[in-house]
Amino acid sequence: MIFNRLRTRSTHSSRRPASAPAAAPASAPAAGCPYAHAHPATDATGPARATAARPGPTAAPKPAPTAGSRPAPRPDLLPAVRQPTGHATGRLTPHPAEPFTDPGEAAAFVRQFHHEQPAAGDPAERLRAVLDEIDRTGTYEHTPAELAYGAKLAWRNAARCIGRLYWHSLVVRDLRHLGSADDIAAECFEHLRTATNGGRIRPVVSVFAPDRPGRPAARILNQQLVRYAGHPAADGGWTGDPAGARLAARARDLGWKCGRERFEVLPLLVQERPGERPEWYELPDDTTLEVELTHPDHDWFAELGLRWYAVPAISDMTLEIGGVRYPTAPFNGWYMGTEIGARNLADADRYDMLATVAGRLGLDTSSDRTLWRDRALVELNVAVLHSFQEAGVTMADHHTESARFLKHVAQEQRLGRPTPADWSWIVPPVSGGLTPVYHRYYDPVDLALRPAFTAREPW
């Protein structure tokens, strides 16, 4: 039965209860994407992808420009040139200190927002207000509409994400008024409930307070809102996920009583200020939907005891919109099967399950030439896709998502916009040559389009 393949996690008592969560936002279309490829240091679930990226195609001659060709920049999206303010020389009145937020980035975003949102009207008045606010305070505040659209543009600009076709459907939760650890934890839990949506995963971003001059905002220390702990074993092996070992050790130092289980969800760690002791919070039972993995043809697969969580929510990146930095802005899409079946459960520095699966399949593992790893990898991915489908949890397969990505590239080209893409992240780790994203080139990732999700700077 489907319900037998779903479970919510039992937890220890929380050291510090979070405040009551706010009501969930209105429903959004149940469309999203595996955000996995947006992260520079992790796939939707792990670090190996950045360090073991596959090279792009080099042998074939470069084809003629295709749907991803880069158009010439449009003058209407360039930063505005501000008028002189009182100097005979025509130079700007100097601010007593260097502005915290770059006025050029702010102006470029305002112009882009008004260009792509014609109902917003002429940008001139808003430009003057933004630049004056930066003059007075060093930074400025986005309107709710600017924040919502800027977050969606950050997804659209994510060069490592294959699922950008759905960028319009992102649910943006404006939580900029919150900055305490308790409030952040409570709303992160509500984020997971909203995103899970009974298995019909919604793409969601929760945007908390931005960095301000002299007042850095709080940070979530977890790479993802949900992730499994890793614990080194005495024999040199691991219990759990090695990618979660560092945070597990820090949580233990803070007082977390772990069970050293194989699939043990880490607590949420939130640090309000540089140098302060982080607070930790157990995830409530109803925030973490997990799928137990079975195989459509092999009953023994269930005996392996594998499972994975439903929502990949990245939580250690900075959302940059018009020069304003939001260091606490967890976001999610939904999984693509290969992220779990070909990376998290298969990589040698993660759960390393290929030899175990090959053994149960009766494959000859004495030589690489038997392709036992390849055969085991396919069956592992079959199990992941089958299990999520049986459980009624949204998941994409790499063939379908590849075709959708090229549809997105074509749409962007028709609108005269570039689509930067990192080939080694867009091409899936299983049967890459069988997907249409393999056989083409893309706009370069060094376009550095903004708004964007970027690697968060350390305190």
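1. Let's start with Thr-318. Leaving aside residues up to four places away in sequence, Thr-318 touches Arg-325, Tyr-326, Pro-327, Ala-452, Phe-453, Thr-454 and Arg-456. Thr-318 sits in strand 12, which covers residues 317–321, and its relative accessibility is 6%, so it counts as buried. Bear in mind throughout that this is a predicted model.

2. Four strands make an open sheet in the order 2-3-14-11, and the pairing is mixed. Strand 2 (171–174) and strand 11 (313–314) are the edges; each has a single partner strand, so one side of each has no neighbour in the sheet.

3. Look at how strand 2 meets strand 3 (residues 204–207): the two run parallel, paired over four bridges. Val-172 has Val-205 in strand 3 as its bridge partner. Helix 4 packs on this sheet, with contacts to strand 2 and strand 3, and its direction makes about 135 degrees with that of strand 2. Helix 5 (residues 181–196) packs on the sheet too, touching strand 2, strand 3, strand 11 and strand 14 (331–332). The direction of helix 5 makes about 165 degrees with that of strand 3.

4. How many of the 13 residues of helix 4 are buried? The count is 10, so helix 4 is largely enclosed by the rest of the structure. Helix 4 spans residues 144–156 and reaches 19 Å from its first C-alpha to its last, close to the 18 Å expected.

5. Now the salt bridges, of which the whole structure has 18. In one of them, Asp-422 and Arg-160 meet through their side chains at 3.3 Å, N to O. Asp-422 is in the loop between helix 10 (398–414) and helix 11 (423–426), and Arg-160 is in the loop between helix 4 and strand 2, so this pair ties together parts 262 residues apart in sequence. Asp-422 counts as buried at 16% relative accessibility, while Arg-160 is partly exposed at 22%.

6. Helix 5 comes up again here. Its Arg-193 forms a salt bridge with Asp-286, with the closest N and O atoms 2.9 Å apart. Asp-286 is in the loop between strand 8 (279–281) and strand 9 (289–292), 93 residues from Arg-193, so the pair links distant parts of the chain. Arg-193 is partly exposed, with a relative accessible area of 24%.

7. One more pair: Arg-373 and Asp-368 meet in a salt bridge at 2.6 Å, N to O. Arg-373 is partly exposed at 40%, whereas Asp-368 is exposed at 55%. Elsewhere, salt bridges with shared partners join Glu-116, Arg-156, Glu-412 and Arg-417 into one network.

Technical notes. Residues are numbered from 1 along each chain as its sequence is written. This is a predicted model: local features need pLDDT of at least 70, side-chain atom pairs count only at pLDDT 80 or more; totals for chains, interfaces and linings use all residues. Side-chain values use heavy atoms; hydrogens and water are left out. The expected span of a helix is 1.5 Å times one less than its number of residues. Buried means under 20% relative accessible area, exposed over 50%, partly exposed in between (1.4 Å probe, protein chains only). Contact means heavy atoms within 4.5 Å. Two strands pair if DSSP finds at least two bridges between them. Axes are lines fitted to C-alpha atoms, for helices over the stretch in contact, and angles run from 0 to 180 degrees between N-to-C directions. A salt bridge is a side-chain nitrogen of Lys or Arg within 4 Å of a carboxyl oxygen of Asp or Glu.
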